[in-house]
Amino acid sequence: MESHDHTQARHRIVGPAVIADDRMRAATAHRLARGGTSLLWRGDFQGARRLLRAMDRRIGAGPVSPDPAEAFRLHRRARAHRARILNRLLVELADDHTVALRRAPDVREACHAAYGPPTGPALVPLRELLGVIGAHQWRLKGVEVPALGARVHPHYGVFAPTRSEYVDLVADAPLPATVRRAPAAAIAFDLGTGTGVLAAVLARRGVGRIVGTDLNPRALACAEDNAHRLGLGGRLTVTPGLYPPGRADLVVCNPPWLPGRPTAALELGVYDEDSGMLRGFLGGLMEHLHPGGEGWLILSDLAEHLGLRTRDELLELIETAGLRVADRIDVRPRHRRASDVCDPLHAARAAETTTLWRLRPAPQVERQPPHGPE
């Protein structure tokens with residue numbers, strides 16, 4: 001679940017700056033950027049892309065460690081260092097979101113989707129602009145989701161469902177008995193809905209009504225857009241926050257998998273600071289379930305392999321919330337990095353398992369719903 005500002009982020013040059021063009025060598029650009037000098041590009045757009053790649057190669061991979069926790073710390077530090085250097089290469093967006101450089105693509109539509117309507121000229125890191133362009137292509141083309149037999153179209157700033165194993169878990173897990181008996185009358189909550197992919201899977205499985213929640217306004221708009229594309233608009237509603245009012249037969253939550261402090265808006269789909277969303281889901285589940293209902297927690301154990309959280313800590317959170325584990329379904333990752341021996345976190349990624357935890361109220365604390373309408 002993410003939260004993003006809709007306004008266009010303007011880059012403010014801090015420290016020295018120079019004009020750069022196609023005559024600048026990569027070694028010079030890297031040295032200047034590493035020393036804190038911003039490079040305002042006035043040359044060929046494709047030349048700027050080549051320069052950015054050459055600067056990237058000069059940064060190097062950074063130190064590694066056999067200890068998983070230290071390897072993760074070094075990996076995050078190296079990524080932040082790389083971003084600081086590469087983000088020094090800037091291009092200017094005109095007051096209509098055009099880039100007035102030779103061989104520059106038309107980025108107006110992509111920038112409008114990412115930043116909103118233009119409010120004047122702006123400087124943006126080329127690295128960021130290329131990400132905006134790539135994200136817009138994903139939105140136009142969509143991401144194939146085998147469990148749906150269809151494509152889901154992620155909006156800028158919304159985590160894309162590129163890892164299919166967690167979606168497959170929701171597609172295949174046994175539904176609660178209350179849902180199986182009367183699926184058309186069943187209600188499900190999808191907390192942190194993002195693109196709405198899990199809500200769509202539940203709808204395809206026959207759940208009559210799904211409420212998706214998210215803190216990110218972009219995600220709410222994205223989920224509605226995808227529901228409309230998939231012909232599910234009448235069965236999915238979205239609302240801001242973590243839990244909506246009322247109770248459900250099934251509550252699904254796929255929180256960010258790593259406890260940690262995000263350092264950029266786009267990391268909010270990866271890092272859950274102090275496990276805040278995980279704790280919120282578990283702590284609120286009891287009071288939002290119908291009798292016989294279940295909560296499905298979809299969570300990778302990558303944090304455990306990185307020394308960021310232990311299995312005992314997770315189980316204690318579940319028990320403290322008055323819940324019990326009715327079942328768990330595991331799947332091994334199928335993404336490319338799980339087999340990439342050059343990845344500094346390869347050992348942890350190779351051992352990773354993603355689990356769907358089927359949670360129910362512990363018998364001694366199961367509560368009845370209040371009398372009267374919800």
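Predicted model: local features only at pLDDT ≥ 70, side-chain atom pairs only at ≥ 80, totals over all residues.

The protein has 374 residues, and its secondary structure consists of 13 helices and 13 strands.

**The overall picture**

- The radius of gyration is 23 Å, which agrees with the value near 21 Å that a compact globule with 374 residues would have.
- Along the principal axes, the C-alpha atoms of the protein fill a box of roughly 75 × 45 × 35 Å.
- Of the 374 residues, 51% are buried.
- The protein exposes about 17,700 Å², and 52% of this comes from carbon and sulfur atoms.
- Among contacts with a separation of 6 or more, 71% are between residues 24 or more positions apart.

**A four-stranded sheet**

- Strands of a sheet pair through backbone hydrogen bonds, and they can do so in a parallel or an antiparallel way.
- Four strands form an open sheet here, in the order β1-β2-β3-β4, and the pairing is mixed.
- At the edges you will find β1 (17-20) and β4 (122-125), each of which pairs on one side only.
- On average, neighbouring strands of this sheet are turned by 35° against each other, with direction ignored.
- Look next at β3 (residues 89-93): four bridges join this strand to β4, and the two run antiparallel.
- Within this part of the sheet, Leu90 stands opposite Pro125 in β4.
- Helix α2 (residues 45-59) packs on the sheet, where it touches β2 (38-41) and β3.
- The direction of helix α2 makes about 155° with that of β2.

**Two nonpolar cores**

- The largest nonpolar core has 58 residues, and Phe281 and Trp296 have the most contacts inside it.
- Which helix gives the most to this core? That is α8 (residues 197-204), with seven residues.
- A second, separate core has 32 residues, including Leu51, Ala54, Met55 and Val132.

**A closer look at Asn87**

- You can find Asn87 in the loop between α3 (68-86) and β3.
- Why is Asn87 called partly exposed? Its relative accessible area is 22%, and partly exposed covers the range between buried, under 20%, and exposed, over 50%.
- How far apart are Asn87 and Leu278 in sequence and in space? They are separated by 191 residues in sequence and by 32 Å in space, C-alpha to C-alpha.

How values were computed
Residues numbered from 1 in each chain as written. Heavy atoms only, no water. Pairing = 2+ DSSP bridges. Axes fitted to C-alpha atoms, helices over the stretch in contact; angles between N-to-C directions. Contact = heavy atoms within 4.5 Å. Rg over C-alpha atoms; globule rule 2.2 N^0.38 Å. Buried < 20%, exposed > 50% of the residue type's maximum accessible area, 1.4 Å probe, protein only. Areas by Shrake-Rupley, 256 points an atom, 1.4 Å probe, with all protein chains shown as cover. Core = buried A, V, L, I, M, F, W, Y, C linked by side-chain atoms within 4.5 Å.
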